[in-house]
Amino acid sequence: MEANQEKIFEEKLAKGLKIEPKDWMPENYKKQLIRMISQHAHSEIVGMLPEGNWITRAPSLRRKSILLAKVQDEAGHGLYLYSAAETLGIDREELLDQLLTGKAKYSSIFNYPSLNWADIGAIGWLVDGAAIMNQTMLARGSYGPYSRAMIRICKEESFHNRQGYELILSMAKGTKEQKEMAQDALNRWWWPSIMMFGPPDDMSPNSADLVKWRVKLESNDELRQRFIDRTVPQAEFAGLVVPDKDLKWNAERGHYDYGKINWDEFFSVIKGNGPCNIERLNTRQKAHNDGAWVREAAMAYAAKQRKTVAA
């Protein structure tokens with residue numbers, strides 16, 4: 001029976017059809033999806049923190065309103081993704097508990113600090129730019145609820161990316177001090193951004209299965225290369241220098257060659273040793289505890305409504 005179900009599952013993948021929550025799926029497929037979607041959801045929620053820190057210090061009302069909208073979008077993305085994970089049979093409370101207790105992972109990029117206003121531009125340009133590379137691929141992935149959530153998320157992330165580059169470009173074309181801030185932000189965010197795609201393909205334990213199941217349609221290294229090829233000309237147009245002494249255009253390959261990535265740093269941050277790991281977790285725990293009364297009030301109101309309907 002299971003062999004027949006697996007055959008049907010594989011035939012759907014081969015035809016490019018979506019796997020839906022009520023369809024049979026291998027246990028490892030479900031397990032990998034829960035891991036991947038929950039990490040994505042956690043990243044959206046934790047990703048609000050380095051930007052939310054700058055809302056009250058935005059230099060103009062226009063910049064403040066843009067940043068408010070962006071942070072609000074990221075909260076919504078987290079909710080979409082938690083909902084998608086729940087279709088696989090895991091409870092949202094369990095997912096949040098994994099985040100708050102430090103058991104769950106989220107994108108390593110959010111464990112770096114946002115030190116000045118130019119960082120807000122760099123996050124939109126580089127971090128969200130890298131996210132779009134990954135998410136447009138996921139929007140074509142095999143699991144229906146996840147891929148459909150990605151469609152709206154990608155549209156909003158595209159706005160975030162344009163907003164970030166516009167901010168960086170305006171600073172790079174501004175005063176000497178502003179250009180120095182933009183360059184400093186690029187220097188600090190470049191390498192963490194290209195690490196966002198995950199470890200090299202030969203060091204990634206999950207990539208092979210995710211590609212086989214068409215959850216991912218491209219490898220970590222392929223996505224990383226495309227991001228670099230797109231972003232380097234943008235930096236050059238802004239008059240900024242990518243902080244990689246080995247970066248050069250390879251006409252034969254039709255791609256940029258780039259320097260060695262410090263994967264020791266990446267894995268150290270993943271293990272909890274980044275500049276802001278403890279701060280991010282403490283902030284999320286405090287926010288969760290401070291919001292307990294809201295959740296309790298909502299539950300009480302829902303219970304009251306159920307009694308009213310039953311009566």
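This is a predicted model: local features need pLDDT of at least 70, side-chain atom pairs count only at pLDDT 80 or more; totals for chains, interfaces and linings use all residues.
Residues are numbered from 1 along each chain as its sequence is written, and side-chain values use heavy atoms, with hydrogens and water left out.

Terms first. On a 1 Å grid over the protein atoms alone, a cavity is a set of points where a 1.4 Å probe fits but cannot get out; a pocket is an open set with protein on both sides within 12 Å along at least five of seven lines; lining residues have an atom within 4 Å of a point. Grid points are joined across faces, edges and corners, and a volume is the space filled by probe spheres set on the points.

Back to the cavity. The structure holds one of 30 Å³ or more. Its lining consists of L33, L138, G141, S142, Y143, Y146, S147 and V215. Five of these are nonpolar, three polar and none charged, where Ala, Val, Leu, Ile, Met, Phe, Trp, Tyr, Cys and Pro count as nonpolar, Asp, Glu, Lys and Arg as charged, and the others, Gly among them, as polar.

Of its 41 lining residues, Q39, S107, N134, M196 and G198 are the closest to the centre. By class, the lining has 19 nonpolar, 13 polar and nine charged residues. Helix 6 gives the most, eight residues; helices (H or I, at least four residues) are DSSP runs, numbered from the N terminus.

The second largest pocket has a volume of about 430 Å³. It has 16 lining residues, with L79, L96, R284, H288 and R295 nearest its centre. Helix 5 supplies the largest share of that lining, five residues. The lining divides into 10 nonpolar, two polar and four charged residues.

Last, the helix pair. Helix 6 (residues 117–138) and helix 7 (residues 144–172) pack at about 150°, with axes 7 Å apart. Axes are lines fitted to C-alpha atoms, for helices over the stretch in contact, and angles run from 0 to 180 degrees between N-to-C directions. That angle makes helix 6 roughly antiparallel to helix 7, a label for angles over 145 degrees. Their contact has 15 nonpolar, 11 polar and two charged residues.

Key:
Helices (H or I, at least four residues) and strands (E, at least two) are DSSP runs, numbered from the N terminus. Angles under 35 degrees count as roughly parallel, over 145 as roughly antiparallel, 65 to 115 as roughly perpendicular and the rest as oblique.
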